[in-house]
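Morning, everyone. Please bring up the model, and I'll walk you through a hairpin, a sheet and the cores.

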Amino acid sequence: VTYGIISSYFSTDIRKSNNNFNILIHLTERIRGVISEYTNINGSMTTLPNDIISSNESYSLLLKCDTNANAIGDGQVINRGTRMSSSSSMYTKTDNIIRIFGTNIYNINSNAQIAHIEKAQSNGGGISKYFSKHLKSAKDEMFVSALLEAKNNFFGTLVNNNNKQYSQYITRLSVDGQAKWVARFDNINGELTELNISGDFVTIDKEDNLYIWLNALDSSSKFTDAAGTVVNYSEPTKALIKLNKDGKLLWHKKITSDFDLVNTGCAIRIDNNGDPYIFGQAYDQLNFENQTIPGNAIFISKLTKEGAVTFLKIFENFPVFNFNPVFDSQNNLYAFLEPVHEAQIPYNLDGIVIPSNENGLDFLMLKFNNNANVIWGKNFYATNTNYSYAWSNDVAYDGTDFVLFGNLWKNRSTTNYLGLDMLEIPSAYSINETRYTPFIAKVSPSGVVAWQKILDANTSSTGAYTNIMLDE
């Protein structure tokens, strides 16, 4: 809608009036003070008051245009300090940071506020990191878990967090949708993510035990299982919790650091024998089970069902943007990953040398042995000479091949995307508009690309929390 704005929060609503359109925009800039005046797409100008320029306050403006998007009124700031919820309801925040929803009424011609109506004690919260899975032993029942921020009602359990205070709740729902029990992890760091894909932070084994990675914020963080057993944490921690199907704690593991954990991601996968594997990327030095994991590395650790560490494998000086582990039907471990790498320097992983292209924009497929040593690898873009490539957000095994879902990226100056193995894929949109687009592909265990399908989009990528699921 505007040029020159980098927004960390943005929402809009369009309303028709006679033969004209009114566009209400709410935003909070990511970089405040860089620009004080910008041009809207309808040709009008918006000038920010000095007090907004110097603050981090959200604000709203009203654009007016005809059916050809020509300006018929200035796009000036009409209110400040309000934001839009995901349901498009406007809210303000009280001194004790509780949200109160309200309605503002404006005159279309003058931008003057006519009325403001608030619904008192309407405290809204947010839900994210949602997971659901049917039990194997009771297929009409299911596990449900969600990250809850602020005020919520989790299947009859009231959650009384403040704004920006997070808890992860876990339950088992019966066939009638009633919660059989509730476990929770209070006061966690809701801003951290886990190894780039939603489905990897939680999983279920063959015996319907649930494993979940969570992030303790500080000494106020604690986990409480369905039986009331409490685990307290004394510092920022990446915590792995194992529960049985009745919500009782079986064991827990933790990763700590003397540094910030913000760039440390962890995943949990279960192999075909029911043994859990931990996968992680370490930005700074980590502490795990009396062992040290250096920074700028990825690591793989196999555990027994009882939680004992079988091995810890570390790949030093091998940072990644994302890392998608997957097992085949013979229990062989594979990974699809996008490394952070210097151009043209080959990868040397356990003696397996894999070339890198001249721009360092690589996408690798690796195969490991039973000790997590690399025994085979491939770079789908080893001979690439331009700034176009792909990466995966999630990978699944269909019994014969791997199915991956991810994104293609290209330089705006080029016409085609480059799919896996350098396959040119035309873009359905003009050269200057297109940058990202989602795609899906099938790859054999030997790295042969069977097919790949572009999902045409105009500069749109799937998020890191996009998963792919296969039916039976």
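Start at Lys 151: its bridge partner in β15 is Asn 160. Strands here are DSSP runs of E, at least two residues, numbered from the N terminus. Two strands pair if DSSP finds at least two bridges between them. β14 (residues 151–154) and β15 (residues 157–160) have four bridges and pair antiparallel. Together they form a hairpin with two residues between them. Phe 155, in that turn, has a positive phi of about 50°.

A word on the source. This is a predicted model: local features need pLDDT of at least 70, side-chain atom pairs count only at pLDDT 80 or more, and totals for chains, interfaces and linings use all residues. Numbering starts from 1 along each chain as its sequence is written, and side-chain values use heavy atoms, with hydrogens and water left out.

Now the sheet. Four strands form an open, antiparallel sheet, in the order β30-β31-β34-β35. β30 (320–327) and β35 (374–379) are the edges; each has a single partner strand, so one side of each lacks a neighbour in the sheet. Five bridges join β34 (residues 364–368) to β35. Across that pair, Met 365 stands opposite Lys 378.

Last, the cores. A nonpolar core is a set of buried (under 20% relative accessible area, 1.4 Å probe, protein chains only) Ala, Val, Leu, Ile, Met, Phe, Trp, Tyr and Cys residues joined through side-chain atoms within 4.5 Å. The largest has 26 residues. Phe 336, Phe 380, Tyr 381, Leu 404 and Leu 420 touch the most other members. β36 gives the largest share, five residues. Apart from it lies another core, of 24 residues, including Trp 181.

Note on methods
Buried means under 20% relative accessible area, exposed over 50%, partly exposed in between (1.4 Å probe, protein chains only).
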